[in-house]
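Please show me the model, and let us go through it by question and answer.

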Amino acid sequence: MKLLTLNFLTCARKTCKSSPAAFPLHPRDAELEQVETEMNPVFLRNILPRLEWEAMRSITTELGLPSLPAETPDPGALLENDGNGDGEDAGSAGPSQIARDLHALLMETCIASGKLVCGNCGHEYAVKEGIANFLLPSHMV
Amino acid sequence: MLPTPSTSHVNYDRIYEPAEDSYLLLDTLALSTETKFLQDRFAPATASPLVLEVGTGSGVLLAFVTAHAEILFGRADITTIGTDVNPFACGATAETVRVAVTEQAKAGKNPGHFCDCINGDLSTALRHGSVDVLIFNPPYVPTETLPEARSNQEPLDGPASQAAFERDSHLLALSYAGGADGMETTNRLLDQLPDVLKDVLKRICEGLGGWNAEVVGTSGQKAGWERLCILRIWRP
């Protein structure tokens, strides 16, 4: 399960839907893996406004990963600054280190196994082989 | 004609095999009326739209949308996510998407961005207001009872056994059984729609109220009892 997915997931129980503590889910006992994927700078720029930045920061901290910057980066910060004197034309500016780090974190870092815990009711959703189980027994729906 | 993603790796003993209804939905999505709707609604350089498919099955539809995002949405930077009550479908979906996306990349095209397929019920795992487009081909066959999705599905791989056969039959039943009038699961999803879909625009036309619905694809005259319809339901 990609870390980006956690940006969209919440506790599945009806009673938790109105509780802010139900998002984000808290990873626990997580085994991580890196899965290489092609970076798309346009996608990174346009996914930024969709990210619940504080939530994603807390997830990276809980996973013991390098923390995200305190605030959402400016879209401009995703491009390499061409003032590094190597003569690169501004029009072909590549992705910056921030962009590469964000891509590695959101799109390539995956939870292979572990649990996702609701901060409101404490229910634990299991992740096995990268697939999260959000099915609830009928009495918990 | 956009190529249909390959699902040759999928085990149809326990995962719904793409059929007429699946292909009608694929064909309808590719119609110029529908791509125009999507492209007008999700203009490029705006935030990446999140597309959720509920009940992905083999993943053929989600893979189609992800792979052909540039044609359907006029932009490659869409985010796709799926759910299915069948854990085997989740694994199959991820593989179908991976194959389709790899093929697109090899052909020098830009596919969309697939997140994951979650083993869950309808849209319950998704945060309120997070989804822009929800696609659902529901179990619609009228059945006396609605089978229940079981939360403790231990994969029982290995030689065929009675238990494994029963589990597989149950999983297939979940994919087609719609309960009373074939509508029970569809009705449950319609109840979830207003919460899960995003209120993207400040509603300057608030006075219009309500949602719109239109039949945008049908299977036309058919022998047999099934007549298939694709509905587009949207909030103005």
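Predicted model: local features only at pLDDT ≥ 70, side-chain atom pairs only at ≥ 80, totals over all residues.

Guide: Residues are numbered from 1 along each chain as its sequence is written, chains are lettered from A and ligands numbered from 1 in the order in which they are written, and side-chain values use heavy atoms, with hydrogens and water left out.

Visitor: How many aromatic pairs does the structure hold over all chains?
Guide: Rings of Phe, Tyr and Trp (its six-membered ring) pair if their centres lie within 6.5 Å. Planes under 30 degrees apart count as stacked, over 60 as edge-to-face and the rest as tilted. Over all chains, the number of aromatic pairs is three.

Visitor: Which kind of pair do Phe37(B) and Trp234(B) form?
Guide: Their ring centres are 5.7 Å apart. The planes stand at 70°, so the pair is edge-to-face.

Visitor: How many residues apart are Phe37(B) and Trp234(B)?
Guide: Helices (H or I, at least four residues) and strands (E, at least two) are DSSP runs, numbered from the N terminus. Phe37(B) is in helix α2 (residues 32–41) of chain B, and Trp234(B) is in strand β6 (residues 229–234) of chain B. The pair links distant parts of the chain, and the separation is 197 residues.

Visitor: Are Phe37(B) and Trp234(B) buried or exposed?
Guide: Buried means under 20% relative accessible area, exposed over 50%, partly exposed in between (1.4 Å probe, protein chains only). By that cut-off, both Phe37(B) and Trp234(B) are buried.

Visitor: Which kind of pair do Phe42(B) and Phe73(B) form?
Guide: The ring centres of Phe42(B) and Phe73(B) lie 6.0 Å apart. Their planes are at 45°, so the pair is tilted.

Visitor: Which residue lies over the face of Phe37(B)?
Guide: A charge sits over a ring if NZ of Lys or CZ of Arg is within 6 Å of the ring centre and within 35 degrees of the ring normal. Here the distance to the ring centre is 4.1 Å, and the residue is Arg232(B).

Visitor: Over the ring of which residue does the charged end of Arg127(B) sit?
Guide: The distance to the ring centre is 4.4 Å. The ring belongs to Phe23(A).

Visitor: In what order do the elements of chain A run?
Guide: Chain A has four helices and four strands. From the N terminus on, the order is α-β-α-α-α-β-β-β.
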